[in-house]
Amino acid sequence: MRTRRKISAYYPIGGPLPFDTWLPTWTVTTALQVPVAENQLAEIRNNKLDLVFQNFNLLPRTSAVENVELPLLYTRDAEIDRRQRALFALRLVGLSDLAHHHPNQLSGGQQQRVAIARSLVNNPEIILGDEPTGALDSRTSIEIMAIFQKLNRDSGITMIIVTHEPDIAAHAGRIIRFKDGRVVEDRTVPEPRNAARELAAMPVEASLEEQQMVLS
Amino acid sequence: MKPLLPSIKIAYRALRTNKMRSALTMLGVIIGVAAVIATVAVGAGATARIQQQIASLGSNLIIIIPGSITTSGIRLGSGIALTLTEDDGRAIVAQCPAVSIAAPTVRRGEQVIAGNNNWATSIQGVTPDYLTVRDLAVEHGSSFTGQDVDGATKVALLGKTVTDNLFNGGDPVGQTIRIRNVPFTVIGVLSPKGQSPGGQDQDDVILIPLSTAKKKVLGVSQASAGAVGTIMVQAVNSGAINAAQDQMRALLRQRHHLQPSQDDDFTMRNLEEVFAAQESSARVMAVLLAVIASVSLIVGGIGIMNIMLVSVTERTREIGLRQAVGARTGDILLQFLVEAVAISLLGGIAGIGVGLAASAIISHVAHWSTVLSPASILLAFAFSGLVGIFFGYYPARKAAFLDPIEALRYE
């Protein structure tokens, strides 16, 4: 069991590492299965590598902005202004207006955007997406991919996304295909699909807001 | 140091989400703390009452009464023989270093008349020292002096009960009362002392000078002119009571020419010993009650543990998520510990309120005196906090060591 845990996305491995060397170390320690203290793992989960889930995993009865603040509660730095950072992250995903809504007042796409804001509030180097569009319809999925691409382009955050949908995968710059746990294909995509452009080209059946109302 | 504030906020929210459940869990602690406070208050009240009664008799008091004498094989009861004298009293003060005051007294029950009223009460012939020994004060008017005793003046100090019955509560000072047809001028009224530990009314008394009592009221025979009924002795301090008794016993035996084979012809009573025993039994009772009450506090703690275990199970996914966004083992542990302690401390605060109310009701309804000590309240409160930590630790630990993946996937 221990070995499987090591490879899992939830168990990145690392020590008290220089800023730009933690990822190689992670890879090495993972390969060598060096056990690392839980708290060091927690620290990496906190500010190096964040997660976006298929089922969003937002805290119920807790406003969007408080959900986004969650990782900051566990940051060592006591000086940060949590509320301000959380609101900034929500602005990056375009949800400034809904900061004080609770998850049950938000559509699936909006909830996922809150989850993305939560993942990037600590300025991670990598965001891992565990089928982030799995529970969303195709248009909302593309909206989410547009956010991912923007974060990748503007903030330099590496996105690693697990998906079953080739359409979603086509947005990535590199695709590694697994079959039964084995790599069967590893190719770079010279020109990934641009989600923002796709959205613009989509027929405007309804305004974005109205459509979200329908979805929720 | 990790800031506690976020944990407190999370705990507050969690408790508010399940109001009924939180309230019922707190109830266990509330009852426990309230029971501890109320029982300690009742116990302390009983102890204080006994101490107060001892103090009302006079502090460090030893009473010497004449013993039994055997005449021609007939043993008379104690207090019959007139073996104690005023000279004994003077000798005791002069020769026993552990004694500060010795006040010889005589007493007799008499019918007293004042105007149209009459009342049977206890007439005591005393010296001014008696007031010191018994810790008596003159509330109104003046006390008598050594000159009154020397000159056998006909003056009297009245107790509260006597004043009420002879003068219907009016001012008796300066009035005349008659004891055995001898007129006495009332010069003062004594401060009320209340009941003695034996249940006697200590205010139903008239004090007159010792010499006057013997000459005018008791009609003492020539043969035993110096005899007195009782000598009230005050030891220099509470630690000197035993020493004083030993010294007095030796002195009196010598003065009364008793052979080593003979029994004492007097008896000493040291009331503090009697009441110290009462006091310690009251204290044992109080401790016992408090222990039983603490058991209910522990049961309340088990309630907290139970509900925290339920809460951890219910919030497994939340815990998993917190771990996924970087919560350390210690963060989760702290969060659940704070929640448990919040329940127990809130219960503790409410319990203090209920305990205070319960003590007030007990003293009001059952007429038991209760004494609330800040120490006992603080102790109960601190204990409730400890109960929270102790019984919250296991569930919190369980939460903290959940496996993040399993926790996130928990349905």
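Mentor: In this predicted model, 16 residues of chain B are in contact with 19 residues of chain A, two residues being in contact if their C-beta atoms, placed from the backbone, lie within 7 Å. On chain B, the helices α1 (5–17), α10 (316–324), α11 (329–365) and α13 (404–409) each supply at least two residues of the side that touches chain A. Helices here are DSSP runs of H or I with at least four residues, and strands are runs of E with at least two, numbered from the N terminus. The greatest contribution to that side of chain B comes from α10(B), with four residues. By class, the side of chain B that touches chain A comprises nine nonpolar, four polar and three charged residues; Ala, Val, Leu, Ile, Met, Phe, Trp, Tyr, Cys and Pro count as nonpolar, Asp, Glu, Lys and Arg as charged, and the others, Gly among them, as polar.

As to confidence, the predictor assigns the complex an ipTM of 0.78 and a pTM of 0.68. Chain B has an average pLDDT of 85, and 93% of the residues score at least 70, pLDDT being the predictor's confidence in each residue, from 0 to 100. Within chain B, confidence is highest in α11(B), at a mean of 91, and lowest in strand β2 (residues 70–71) of chain B, at 60.

Residues are numbered from 1 along each chain as its sequence is written, while chains are lettered from A and ligands numbered from 1 in the order in which they are written. Local features need pLDDT of at least 70 and side-chain atom pairs count only at pLDDT 80 or more, whereas totals for chains, interfaces and linings use all residues.
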